[in-house]
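Reader: I am new to this one and would like to talk about its charged side chains. Could you walk me through a few pairs?

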Amino acid sequence: MRAAAILLLALLLLLPAAAGAAERAPFAIGYLEIAGDPRYVPVRNYTGLKLKTVKRPFSGAEAALRESRVVARALGLTLGLERAEAATPATLAAAARTMRDAAGIRVFLVDADADALLALADALRDDRVLLFNISETADRLRRADCRANLMHVIPSQAMLGDAMAQYLALANWRRVLVLRGELPADAVLADAFARSARKFGLKIVATKDFVLSNDPRERGRNNVRLLTAEPAHDVVFLADSHGEFGRYVPYQTHRPRPVVGSEGLVAAAWHWAWERHGAPQLNQRFEKQAGREMRDADWAAWAAVRLIVEALIRTGSTEFDALAAYLKGDALTFDAYKGNPASFRPWNNQLRQPVLLHTHNAVAARAPLDGFLHRTDILDTLGIDEPESSCRF
Amino acid sequence: MTRIPPRCALMYCALAIAAVPARAEPSGRIYITNEKSSTITVLDGRTNAVVDEFETCARPRGIHFNIDRTQFFVGCADDNVIAVYEVATASLVHRIRKMEEPETFDLSPDGRYLVVSNEEDAAATKVNVETGRIEGEAELGEEPEGVLFTRDGSTVYVASEAANLVHVINFADMAVRADIFVGTRPRRFALTPDEKELWVSAELAGEVDIIDTATNKLIGDILFLPPGFRREQVTPVDLLITRDGKTAYVALGRANHVGVVDVASRKIVEYILVGKRPWGLALNRDESLLYVANGLSDDVSIIETKSRKVLKSVPVGLVPYGILIDD
């Protein structure tokens, strides 16, 4: 009798849980990437040192999904993340359509470079999908090459440059010597910074191209002391996307001047040493899951999933149109773990957000810095503001 | 008063605690946890001068009395420990170990249990104060934060910062009875004295949301905006409601003010300028003084509640968080 009662009790306890699970509707988020993406090939030095090892940011999306499980419980949803790797950029759209047709997926995180993102956004223009750029900082995607179905979670190069320029302006290190490498990506960094310097009243006293060589005939371009001898400057901005030259610039300059940009003080979406606004908890969760430190694209992947979950919460709907309208609307107050509530700029679909300025082991400042004002939202002091936007959807 | 040896085995301590008389003489001390320097600052409650600062476990945050106010608990997130101190002497009595990142907690009204929010574990645990054992757990949203018991001890509310949820938990079996979506980044609670309304601060929404405890539905909100500030600069965290249920105090974080609210009309009646990023709040026994922990200016502001003026600000340790007043 007693055993039967216990059994009955157990069944009663189980029932609501089982019923709850059965009632949960599935909602899946897509994740697209490209096989052999050169951005994830480690940059090696000839001595076997790895200068850069960048891991795919999928772990960020996984971390966000994992931390949304109780939200899903409260929403009565089962959240899923479906990952697809396209063999080439050209097959990305087909991969997205396959996921949409098989699982009804209409929101995708996309880890691809500018050209691949643009081609994908164009191919899916009439497919009622929303694509979240989690790793490409190129400004052109926020300017003339913007697309209505392409949302940028990762900050633009202009935002990163503006954050740095604010820092230098506030420190009153206004005379800047720019050292620029030979790669196209180096020119992108230098150009973005030049725009930011103009915006915040810094003076670029010279832009010098460096080369990675030991050739004595080229010493004017490969010797850091000679490169930094003149003209007089307060700070060196280094545009070196590869990193081999740049790592020898700090402490080698002719004058005792700080180095910023690609070395020294760096502007970024995220850093493992960020210790405010809940960041330690996020960093610990990510490290536990991924076994490494969280970087910019990891953070952006995490944020993209959390943005979609936020839309599910606030709309109480899984309908694509409702979710897209909420995300693009002005009611969004997204917790980016960087203080100010983040939301998408309607003029170019860029997530407005603070930018961190970090050294190798500390976050020195969070931009926008104190004193930089804006008529509507101080976050819009970073990046391409509405009046200067050339984006037309 | 029963003397408690500074170092004792857990079981022996439990016996010692049981033998303590009902209510100890107040020491007049004020304890402040400093989460970055991992210290506790002690103020003399009469002079508000710093009389001591001592090392405690790593990243101390939440601080609470035990039932008869002879001891207090300190949650240390980086050591996964709740340390128990004697109030009168500030000597360490024992440690409750194996707590996953305890941040804040509340004591059950019978004094026998703590419900602890485990920030990293996305759970709230029910800890037996005497044995230090975990006797129950509720699975919650990420970064659970504020914990608050109802007076009868039947229900405990826990906020999940990252999930934007308030969880209503049945204390006996730690079953989640309801999940309530609130504004972005919910942090702390206050109940009105009649327990009809639960007030919860939503840090990133810059507001306090009001929940009807009978229906578990949101019935109102109060948006804070001190003059000269923008919405994104207002980040409310701790809040208190006075015993008469008339006034609420809300620490507004980066807005560097404490908001004073008339509870009945839900109108903001004053903003009091304090130090940088105030979070923790505590009222003294007769509610004449409000203590405010300013996390980013490393000091405590002391407000006279009658005049709503800051009387004094006292430098303490790095990133002060919680305040406990033994008066």
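Reader: Which side chain does A:E218 meet in a salt bridge?

Author: Happy to start there, keeping in mind that this is a predicted model. Side chains of opposite charge can pair when their charged atoms come close. Here the N to O distance is 3.1 Å, and the limit for a salt bridge is 4 Å. The partner of A:E218 is A:R221.

Reader: Is A:R221 buried, partly exposed or exposed?

Author: Buried would require under 20% relative accessible area, and exposed would require over 50%. A:R221 has 35% relative accessibility. Because that value lies in between, A:R221 counts as partly exposed.

Reader: How many residues apart are A:D380 and A:R345?

Author: These two form a salt bridge, with their closest N and O atoms 2.7 Å apart. A:D380 sits in the segment after β16 of chain A, whereas A:R345 lies in the loop between β13 and β14. The pair therefore links distant parts of the chain, and the separation is 35 residues.

Reader: Are A:D380 and A:R345 buried or exposed?

Author: The cut-off for buried is under 20% relative accessible area. A:D380 has 3% relative accessibility, and A:R345 has 1%. Because each value falls under that cut-off, A:D380 and A:R345 both count as buried.

Terms used
Residues numbered from 1 in each chain as written. Chains lettered and ligands numbered in written order. Predicted model: local features only at pLDDT ≥ 70, side-chain atom pairs only at ≥ 80, totals over all residues. Heavy atoms only, no water. Buried < 20%, exposed > 50% of the residue type's maximum accessible area, 1.4 Å probe, protein only. Helix = DSSP H or I, 4+ residues; strand = E, 2+ residues; numbered from the N terminus.
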